[in-house]
Amino acid sequence: EGIEKEGPFYLLTLRLVPLFPFFLVNLVMGLTSIRVFTFYIVSQIGMLPGTLVYVNAGTELSKIDSLDGILSPGIILSLVLLGVFPILAKSTLKFFKSRKVYSRFKKPKSFDYNIVVIGAGSGGLVTAYIAAAVKAKVALIEKERMGGDCLNTGCVPSKAFLRAAKVAHEFRKASAFGFEPTEPRFKFSDVMDKVHASVEAIAPHDSVERYSNLGVECIQGDARMRSPFEVEVNGRVLTAKNIVLATGAQPFVPPIPGLDQTKFLTSDTVWDLRELPKRLVILGGGPIACELAQGFARLGSQVTIIEMAPRLMAREDPEVSTLMEAALAADGVKVLCGFKAVRVDGAKKTLYGSPDQDQVPVEFDEILIAVGRKARTKGFGLEELDLEIAPQGTIAVDEYMRTTKYPNIYVCGDAAGPYQFTHTASHQAWFAAVNSLFSPFKSFKVDYRVIPWCTFTDPEVARVGLNEAEAREKGTDFKTYRYDIGELDRAITEGSAHGFVKVLTAPGSDKILGVTIVGAHAGETIIEFITAMKFGLGLNKILSTIHIYPTMAEANKYAAGVWKRENAPVRALNCLQKFHQWRRS
């Protein structure tokens, strides 16, 4: 890959900064298309500086004939050269590589801004906030609404919608708490008004006014990169030392015949509904599909989920999928897994799918596409700059959030991947902001060691680290410990005594490898485990921590207790039994 991207220059870097043994480089280069003559010439040029440094050091060392000679200026200088040579070599290569990359662009003598950020979603907002906080000059460009997908079409409206649906559900299930169950009376349009009111209430947190007061220049318009240093917006060209792309993602629409001729909904447009669909078909079986399916079903829609995979929420363990399918079925959702959508007839409002060879019709009044989201990589000059696109469709970045081609262009959030969560976008934004402002003096590698997420169905599904399926796939040894939330006092009193806490640890250790929690308030309950994993705390620490009674978080302590019981020191306990028996005699 290195030879394909950089040609002989890549070989030069291997020779000049010998991270790999030369004999290994020789062998591997035989598998590439590089010409023998080119290989020889570049190798000789690349090895020459290092050879001179090493020969000089050897020569000076050979002159030592007494202990005093160790501190001679020649020896000290030779040792210093040995130490700084890799650093100098890397800096030199970086300089020439940079000149090569930017050779077709005219670099401004000075810049209007330290950073220009394209996109005012979670990643862009946090980047701009950090830059302004350290007194850098920053411009934030957004062509639509401040706050991005999370505020306007994602996290905020969906959670408000799910809360409304849960109220309707509690009306029907009131008998569990001694009340007369009743069918809720409501206007769907009023529910959607409440959803939009929640968005409006939070919007000031992400507003132009707030960020302008913080020192960010907010620009409404369609941004386009003209070069690695120039961004055009509203006919104005902004020059910037660094550019941060936080362009987000959009719903992926699968190429199903007839779908393009059918009026369909996505997670972006579903909030424009004013009437409750009587029959709603949802394509997809991931978190977005499951959340919206449960919400609409609880408000009275006849919901059918169509998932091509053999089970829902395929990233989770099979038992989570089984529990989720049961929860959705209890709310009246029809789940069709292993069911491939073959075609859609918009005129008849019918989807035809196939679990085997026969096509089965599924009628709908509205069809919602929720099969995933794809990064926004078009429409702002990416193609002209020839930025690399990763196999998963995101903009390719290195461990510092820099694009693989231009070191001064950074990416964060859904456009960078690999996680499409608001909190990871904010996490990446810190690295993009700090690295762009302070590189090359100091740079930080992005930390993906502890990434949590939650699906806000009822019950919630929260996870951090490995689950059993991933651990097996990676060949990681683990032990599993499980606590049933059905036994938890608070869960019983709340009428939500279902779910579990499952913890994976390293064998013979209390080191936490991953946690899955299924249950009420799982997103809040799991935070203790997130903190523990982040700072290297084991289950023993959680077990020895006082937890308030009665709370859902006690489930964490009880899960740690399961680990303790199963790893009890049998020999020591036998000795203690004999000790206590002796004291009774």
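Start by selecting aspartate 268, which is partly exposed at a relative accessible area of 21% (buried means under 20% relative accessible area, exposed over 50%, partly exposed in between, with a 1.4 Å probe and protein chains only). The model is predicted: local features need pLDDT of at least 70 and side-chain atom pairs count only at pLDDT 80 or more, while totals for chains, interfaces and linings use all residues. Residues are numbered from 1 along each chain as its sequence is written, and side-chain values use heavy atoms, leaving out hydrogens and water.

Arginine 373 belongs to strand β16 (residues 373-375) and aspartate 268 to the loop between β8 (265-266) and β9 (279-283), so the pair ties together parts 105 residues apart in sequence. Helices (H or I, at least four residues) and strands (E, at least two) are DSSP runs, numbered from the N terminus.

Next, select lysine 502 and aspartate 317. Their closest N and O atoms are 2.7 Å apart, in a salt bridge. This pair links distant parts of the chain, 185 residues apart: lysine 502 is in strand β21 (residues 500-505), and aspartate 317 is in the loop between β10 (302-307) and α12 (318-330). Lysine 502 counts as buried at 1% relative accessibility, and aspartate 317 counts as buried at 2%.

Then go to aspartate 386 and lysine 405, a salt bridge with its closest N and O atoms 3.4 Å apart. Both residues lie in the loop between α13 and β17, so the pair ties together parts 19 residues apart in sequence. Lysine 405 is partly exposed, with a relative accessible area of 29%. The whole structure has 25 salt bridges.

Now turn to the nonpolar side chains. The largest nonpolar core has 50 residues, and Met225 and Leu245 have the most contacts inside it (a core is a set of buried Ala, Val, Leu, Ile, Met, Phe, Trp, Tyr and Cys residues joined through side-chain atoms within 4.5 Å). Elements supplying at least two residues each include β1 (113-118), α6 (122-133), β6 (236-245) and α14 (422-438). Centre on leucine 245: residues it touches include Ile118, Met225, Phe380 and Tyr410, not counting residues up to four places away in sequence (contact means heavy atoms within 4.5 Å). Apart from this core lies another, of 35 residues, among them Ile282, Ala289, Val320 and Leu328.

Methods
Salt bridge = Lys/Arg side-chain N within 4 Å of Asp/Glu carboxyl O.
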